[in-house]
Amino acid sequence: MAEPLLSIKGLDSHYGDFQALYGVDMSLAEGEVLAIIGANGAGKTTLMRSISGLMSNGASQITYRSQHIGALRADEVAARGIALVPEGRQLFPSLSVEENLLIGGRMHRKGPWDLTAVFELFPILKERRAVPSTSLSGGQQQMVAIGRALMSNPDLILFDEISLGLAPIIIKSIYEALPGIVGTGMSAMIVEQDISKALSVSDRLYCLQEGRVALEGASNEVSREAISAAYFGVT
Amino acid sequence: MDWVNALVQGTLLGGLYALFAAGLSLIFGIMRLVNIAHGDLIVLASYLGLVVVTATGMHPLLALAVAVPAMAVLGYVLQHGILNQTLGDDLLPPLLVTFGLSVIIQNALLEGFTADPQKMNAGAIETASVSVGSLQLGVLPILTFATAVGVIAALQWMFYNTALGRAFRAVSDNQEIAQLMGLNRRHIFGLAMGLALGVTAIAGIFLGIRTSFDPSAGASRLIFGFEAVIIGGLGNLWGTLAGGVILGVSQTLGAKIDPGYQILAGHIAFLVVLAVRPQGLFPRVSG
Amino acid sequence: MKVTRTSPAARIAAIFGLLVLIILAAGPYWAGRADMRLMSEIFLYLALASLWNLMAGYAGLVSVGQQAFVGFGGYMLFALTIFGGLSPVVAIAGAAVLGSLIAVPVAVLIFRLRGAYFAIGTWVMAEVFRLTFAQVSALGGGSGSSLPVGIVRSMADGRAAREALSYWLALGMAVVVIAAVYFFLRSRQGLALTAIRDNELAAGSLGIDIWRTKFVVYIVTAGLTSMVGALIFLQKLRISPDAAFSVNDWTAFVIFIVVIGGIGTLEGPIIGTLIFFALRETLADLGSTYLMVLGAVAIVIMLKAPKGVWGLIRSRYDFELFPLSYRVHHDDTDK
């Protein structure tokens, strides 16, 4: 069996004195799509921040392509081909839509994603390319945030709660675009509150509960009851 | 006609003040850092120019070719080595560290050059003038003003048309997320400070040609630069130019009433703006 | 379970402090003239440092323009005694009142600025004061004036008595300032201030009027700083705009004292003043090198030990000499 692309072993994450993750173990194979589900405060965003380098952890706790990246800075992690679509979009208000996308691609990594490709995926952005990014609707901003991450041609893309605060019809259209995104050979981790959406696009899922992995399994095999139990911590 | 003359001279003086202020404005815009040593760094550049001119006999304006890169490198090293460690939510460390730097620079200059006033000799250009209507305008003030406009235009162009400018704006918006784009913020801040000190070098050379300077001259330069930034409005370089002009005009008009009132008149103009429109005339960023 | 404010260390310190105070008060009887002058200088710097610390360390108001009030107080002393015919001691109190009054319009203007811009704004104000007083020819204009001999003599009979009086005034000033700061911090306003220092947003949401609290602190500090300024120039007997409003003498040194000693604590300025004067006595000959050393030390302390010398001591041994925090004591009966 091939070496996993991303391997997390015994990840303990802290915010000062507060511990958010306890000994989390996970692995992701190349080309896989993982869903990470769990209630609010379960540690999903902490996990994303840890992998992307926004939070620092023990070096060997996170391994990517056989390299220990746990203690690297976020810019160093990004240079290795891991991109994060952050919770809450977090676009740059001083930059236009196009500039947000351009800065996403500043590392000029090789791959199929460039401005043209992103505009093809989200045509509305092409119309509004010169507009300040924060004057867009929530759904459009989410498209910019995804496009910005794609522009770096990552090998691993992390989506943190992309459906948060969006209308169902918008969520639907974004999730419909997702297979097209990851179909290009990218691996992905999708943090989601909406469990059915998460299951619909992923190969495997992990459920976090109060900082620990409570459930792991193939998305098409895991039962509703098992998910409920793990989600709410009912044994 | 005398008053028109004062107005024009004040406007040109404003160019010098805008040069003082541009570096300050840049750093605040990108890093939210206010550098109390800024004035002393301008004076340091003047002394650097003096050393180069004395050692090589070249014209002071040519000394820019040495002073600008030298100060730029100093800026990068200073930011990377010391100032990056002061950034964060607490306002005391950057303030007190830059204050300490100010004291160190002033006293180092005092030790090295004594308190004697110095001046760089730029030859004929200092007294040359052109006639515009019935006014006599000095070539040096015109050149200074033109340089200020040129520098600000170049900075604006850089901010809005280059990848570096995008990087600066992104880091200024959201340092954390900017890292996700592969931006090393310590390096970016170093570049920003290097750029600011390069501009400061230009200010220092023009200052050193125009008037005499001594190690304690930094305080006034900081204050004039600061007043120009506040009058013009935070986060807007063209506003800073406008602020410089208003300050310059206030000073020359005050001097017309009584030469001893020059600086005080500038302070009063600043206080009036502070009282009536504290956010400045063309603000873009909140303090 | 008990909640107390004091501690064994604080009690010992209080007794020790009282003893030191008694010894100091007897100063004119055991110290020579030069030593008394030096000690007076120490007391006055201690007062200035405690006041600056109250503003910066507790109210978050970092001022690099307190020299405005030091000089103002000095000039008011001269004006009130020379033109107002007041006795010097009364004039000192007058300087305090006038200093508070002038601080009101100053504060209204500069409170429109935030953070480091506020700091530079205070500096601009000091410059305005300096330039304005340089225009007042009645007080000597740009070159300054000396305190008339008659006024000096009216303070007390004989030189020894006058020097003792100056010394006691300085000592009294330091004691009054430290006591005032201490009791203020123990009061409700002081608690509000500490809350603001720790988390301004949270404090605001609790209904603490941040603006008003800071304003009051600024005004009171200005008044007391003016009073210290009046005392300083009573001792110097001569005033000029450059000396009165000197950034180096009244701001740079004070800031270094507080930063090195420990900002945001009552004990810090005391330790800082002692260290500062110890350094000065040993390094004084070095002139501007001395200032460079001070600046470098302040930078290193800000970067490596931001809570200063007292902060280092406190983090090792966890005690206070001025009882300000509350402590929870668990009895064995708590189970």
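## Exercises on a predicted model

Just past helix 9 of chain B, B:G233 adopts a positive phi of about 110 degrees. This is a predicted model, in which local features need pLDDT of at least 70, side-chain atom pairs count only at pLDDT 80 or more, and totals for chains, interfaces and linings use all residues. Residues are numbered from 1 along each chain as its sequence is written, while chains are lettered from A and ligands numbered from 1 in the order in which they are written.

**Exercise 1.** Find how many residues of helix 9 of chain B are buried.

*Solution.* Start with the element: helices (H or I, at least four residues) and strands (E, at least two) are DSSP runs, numbered from the N terminus. Helix 9 of chain B covers residues 218–232. Next, apply the cut-off: a residue is buried if 20 or more other C-beta atoms, placed from the backbone, lie within 10 Å of its own. The result is 13 of 15 residues, so by that definition the helix is mostly covered.

**Exercise 2.** Work out which helix of chain B gives the largest share of the side that touches chain C.

*Solution.* First, take the contacts (C-beta atoms, placed from the backbone, within 7 Å): 32 residues of chain B meet 32 residues of chain C. Then list the helices of chain B that each supply at least two residues: helix 4 (92–113), helix 9 and helix 11 (262–276). Helix 4 of chain B has the largest share, with 14 residues.

**Exercise 3.** Identify the residue opposite A:T63.

*Solution.* Strand 4 (residues 62–64) and strand 5 of chain A pair in the antiparallel sense over 2 bridges; pairing requires at least two bridges found by DSSP. Opposite A:T63 you will find A:H68, in strand 5 of chain A.

Key:
Expected span 1.5 Å × (residues − 1). Buried ≥ 20, exposed ≤ 12 C-beta atoms within 10 Å, placed from the backbone. Contact = placed C-beta atoms within 7 Å.
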